Amino acid sequence: MVSFKKPDLDSFQERIHIATLFVTFCFLLLVTRLVWLQLVSHGKYALLAESNRIALVPAPANRGLLIDRNGIVIGRNYSALTLDVNAEEVKGNVDQLISDLSEIIDISPRDRRNFKRSLEDSRNMGTFPLRSMLNEAETARFMANRYRFPGVEIRARSFREYPYNELASHLIGYIGRVSQKDKERMQAEIEGAKADDPDALQASFLPGIQYVGKIGLEQSYETVLRGVPGYDQVEITAGGKPVRTLSSAPSVPGKNVVLSVDIKLQYLVEQLYGNFRGAFVAIEPETGDVLAFVSKPNFNPNDFVEGIDSVTWKELNDSPQKPLYNRPLKGIYPPGSTYKPFMALAALENKKRTPSQTISDPGYFDFGNHTFRDDKKGGHGIVDMQKSIVESCDTYYYMLARDMGVNMMHDFMKPLGFGQITGIDLQGEARGVLPSTEWKKNTFKKPEQQKWYEGETISLGIGQGYNAFTILQLAHAMANVANNGVVMKPHLVKAIEDPFTRNRVLTTPKESYRIDLNAENIEVIKKAMLEVNVSGTSAAAFKGTGYQVGGKTGTAQVFSLNSKEYKHGSTAEFLRDHALYIAFAPADKPTIVIAMVVENAGFGAQYAAPIARKALDFYIEGKWPKEIPEWKRAP
Amino acid sequence: MEKSPLIKVKAFFFSIFAGLDRQLGLILLGLAAVGFFTFLSASQNTPVQIADELRNLALSFAVMWIVSRIPPKWLEMGAVWIYGLGVALLIAVAAFGLIKKGARRWLNIGVVIQPSEIMKIAMPLMLAWYFQKREGIQKSWDYGVAAIILAIPVFLIARQPDLGTALLVFAAGLYVIILAGLPWKWILPFVGLGVVGILLIIIFGSTICAHDVVWPFVHNYQKHRICTLLDPTSDPLGKGFHTIQSMIAIGSGGFFGKGWFQGTQAHLEFIPEKHTDFVFAVFSEEFGLLGNLVLLALFFSLIKRGLAISASAPNLFTRLLGAAVTLIFFTYAFVNIGMVSGLLPVVGVPLPFISYGGTALVTLGFGAGILMSIHRHRRLVQS
C-alpha cells in the first residue's frame, strides 16, 4: 500500500475516465459508420454487391434456316468441336501459344492467319476459334494437356453451312464474324431501341452476337434469322472467374426464312450458264416471287463463314470474271432489242403508232448528219408493229424514238421500273439509268454536256444509248407487262417460318401500284412476242415447246460492267456483245417471266434463248435437260 | 474414499483457472468464438487450415495463462531488459535485416522474427517501469526522457518502413505517458491541431488531393492512401479497390446479414486479406449490423473491464501497464474496423482475436495475460 498515493490515484482515475469517454466516443463513431453503411446505404451496397458478383454471359441463338420454296434447306447449322482461345488471357503471346498448341493439334497456316486476323478485327475482345472440327484424337490430346493452356478450351459450337456450296451464293450471301463496324451498328441499334419495345431486350444482348449476315439474304434478313440471344446469369469472382450459373434465360432461335426461289431452277440455270458470265432473273408475275436469281460466276459462301483466307480472297477479288459481283442486282446493261416490246407498248399507249401502221425500212435511218444502221442489210422492207418485234427491226424503233422524244419514253418506262430501285429484299441494288432531259441536266457538270441532243434520242429506241438497267429491272418490267400493269414488288423471301410450330407468315407484299395500261395494247405486244418464238429471232431455240411462250432477244453492245475498265489482257473477250433475252410463259396466264444476259457471248438468239428455253421447259413441264447433271439433294 | 474422476477434473480446472478474471476470460472466449466461426467462412477456398487457427488460438490462450501466472513484479524487473533487447534487435534489423517487398522488417535468427512486434509490449512495459521508478519525484523533464524512450524504437520502426506498427507502438507509449499525468496544457494543443488538421483535410480534400499538389513531409504513396480514403472512387481499381469492396461487403450485409457462409463478397474473392486484416468485412457481410453491435459490445466490455482492472491495480506500474495494454486492444479494434469500413486509411492492423495470424494472437494473448496477472495479483498485494 506504500505506492498508493491519493493525489496520483485521483489523477489516474480521472484519466481513466477520460480514456473511457474517448473510447466510448470512438465506438459511437464506429456504430454510426456501420449504421450508415448497413442501414442507410444498404440498398445501394446490396445492388453493388449484386452487380459485382453477377455477370451476364450471352448465349447466341440458333440461326434460322434458309429454305427454298419447295422446302429444300440451303442454309443450315451444324455443331462441331472447336478449340477456342480467350484473347484476354493470351495477352500478346499468340505466336508462342500457337506453336505450343501445334505440338498436339494440327494448326494450319490458314488457321493461324484467320485467328490472328480475328484478334485484330475485334481488338482483342472475346473468345475466338483457332481450329474447328477437331477430331477425337486431337480432342483427347488437348484434354490431357489442358492444364498447360489457360484460356484455351474445347467447345461445341454451331456453324453456318451452305450445303450446296456455290449454288445461289449471291442471293444467300454469307455470315461472318462481327467486325468493329458491325459492333458500332449494333450499338446504334441498342441506343435506338425504346425501353418499352419488346425487342429492346434482344437489342441489349447484341454485343454477345458473334456472327452476322454480311451480304445477301443473310444480311437483309439478319434480324429475323438471328433470333433472341439468351444469357446465363453467372456468379463471378473478383478475377472474373465463373463460379456457378444462377439462372439462365434460354435463347430463342431465329426464324426460318422461306425463299420464293425455286432452288432446282436456280441450280439448272447456273449449270446452263457453264463458264459464261451473266445474270438471270425469273419472276412469278402475279406475286412478284423471284424464282431464280442467278449471278455467274459465283463463289463458295462457306469460305467466308470462319473468315476467308487471304489467298482465296485475293483470287476472288482479282479475278477479271468478278465472281463476287452480284450481277442481277448491281450489273447494269443496255437492254438492247429486249427493249423493243416496251417501246412498242409505249407507242400504242401514247398513240404514236397503231399496230397496223407500217414503215418502210431501207436498212438504215438518217438523222441529221448521222446514219443509224439496221442489222439487216437492205432492210426489213415494209414493217408493222408485230414484224418490228418478230424480226427485231431497228429502223422502226429509230423512227419511233424520234417521234416520241426522250421524255415521253422516260415517262412511260419509269412506272414499269426501268432505272428505278425495285425494292427487292437485298441490299446494294443499282439504279441504272433511264435517260431524260432532266436526268442529263442533273448528271453532268458542264453546260454543253447538260443539253440533250436530238441525235441521242434515236439509239434509245433500240435499248442503247444512255439506257442502262439491271437484269432485275428488266425482269421486273417484263413481269409488270405480263401481269397487265399490276406492279408486284420483286422479293426473294416469301414467308417467315416459326422453327417450332412450322407456322408460316407470308411476307409477300401486296401490289405496289397499278399502271393504267390498255389490255388490248398488251395483247398486241404479247402476241408479237409469241410470234418471236414461232417465226422470229428465237424460233429455233423454242421449236416444239408444249406451251406457248413469248420472248424477245437482244444483243447489246458492251458498255462494260458498272462502267469500269477491264484489264488489257482480257480485253478482246470482254468487248464482245452481251446476249440478252426476255420471256414470259405460258402465254394465257404467265407463271414465269425471265430476263437474262449472257455477257460477251454474242447474239441473244444463239446464246441466251436456249438457256431460257431449258429453264422454262423445266419450270413449266418439269423436263430436265440430259446434258445437265441431275439435281442431288444435299445430305 | 477415492475422489471421483469428475471431481478430480473439476479440481484441476479450478486450480488452472484460479485467480483468472472470469469476466475478461468470458469476453475473450466470446471474441475467440466469433473469430473462429468467421474464420471458418472466410478461409473457405483458401489454403489456410482450420488446424492452424485452432493451434494459434490455443497458443494465444496458453500464453495468456502462463503470463497470468507471472507476478507483475517480475515484468517490472524484466521491463528494461525486454525493451533493451527490442531496441537492439531493431538496430540489428536496420543493419542486416531481411528485405521483403521493399521493407526491411525481419531478422533471421534461425527463425525469421519481426522485432517491431516485441515493441508493442516492450514499450508500455518500459515506460510504465520508468514512471514507477520516478513516482513521487516526477519532474517535467521526465516526460522528455519518456519521449526519448518512445522516440527511439518508433523512429527505427518508421524507417523500416512500417508506418502502421510505428503508429501503434507510438500510441502504446503515448497512452502510458498521458496516463502517467502528462499535463493537459501540453496535450490539448495537439488534440486541437489534430482536429483542425482532420477538418481541413475533409473540407479541402479534393483540392489538396489534386494530382499536382505535393505534400510536405509525406511520401507520395502516403498522400495517395489518405486521398483514396477521402474518396475511394477516385481509384476504384487501384488503392481504392479494397476499401470500396469491403464497404460493399459491409453495406450489403444490412441489418441481419446474409448469413453464415452466405457472403458473396467474401466468397467470390472481392475482399482482400479476408481472413486476416479484412476479416471484419466478412463478419459484417454475413452477420449484419446485429452481429456488429454484438461484436462492438464485446470489444467495448473488454476495454471497460481492462480499464477497471487497471483502475484497481496495486501500483503505478501495473496501473499504467494495464491501461496501456487495454488501450492497445482498443486501438487495434478501432483502427481495424475504421479502416475496413472506410473511416480510416488502410494500415495493416489486425482485429484482436478475430483476425487470423499467429504472431498477433500471441502478442494479444500476452497482453491479456498481463491484465489477468494484474487482476490476479491485486488482492495478494493489497492484503
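Here is a short chat about helix packing and aromatic pairs in this predicted model.

Q: Before we start, what kind of model is this, and which residues count for local features?
A: It's a predicted model, where local features need pLDDT of at least 70, side-chain atom pairs count only at pLDDT 80 or more, and totals for chains, interfaces and linings use all residues. Residues are numbered from 1 along each chain as its sequence is written, chains are lettered from A and ligands numbered from 1 in the order in which they are written, and side-chain values use heavy atoms, with hydrogens and water left out.

Q: OK, how many helices and strands in chain A?
A: Chain A has 27 helices and 25 strands, taken as DSSP runs (helices H or I, at least four residues; strands E, at least two) and numbered from the N terminus.

Q: And how much of chain A is buried?
A: 52% of its 635 residues, with buried meaning under 20% relative accessible area, exposed over 50% and partly exposed in between (1.4 Å probe, protein chains only).

Q: At what angle do α12(A) and α27(A) cross?
A: Roughly 155°, with the axes of α12 (residues 263-273) and α27 (residues 609-621) of chain A coming within 10 Å. Axes are lines fitted to C-alpha atoms, for helices over the stretch in contact, and angles run from 0 to 180 degrees between N-to-C directions.

Q: Which residues make the contact?
A: On α12(A), they include Leu265(A), Leu268(A) and Leu272(A), and on α27(A), Ile611(A) and Phe618(A) are among them. Contact means heavy atoms within 4.5 Å.

Q: Switching to aromatics, how many pairs are there over all chains?
A: A search of the whole structure gives 38. Rings of Phe, Tyr and Trp (its six-membered ring) pair if their centres lie within 6.5 Å; planes under 30 degrees apart are stacked, over 60 edge-to-face, the rest tilted.

Q: What's the geometry of Phe27(A) with Phe300(B)?
A: Edge-to-face, at 5.5 Å centre to centre and 65° between the planes. The pair crosses between chains, from α1 (residues 6-40) of chain A to α12 (residues 279-311) of chain B.

Q: Is Phe27(A) buried or exposed?
A: Phe27(A) is buried, at 6% relative accessibility, while Phe300(B) is partly exposed at 23%.
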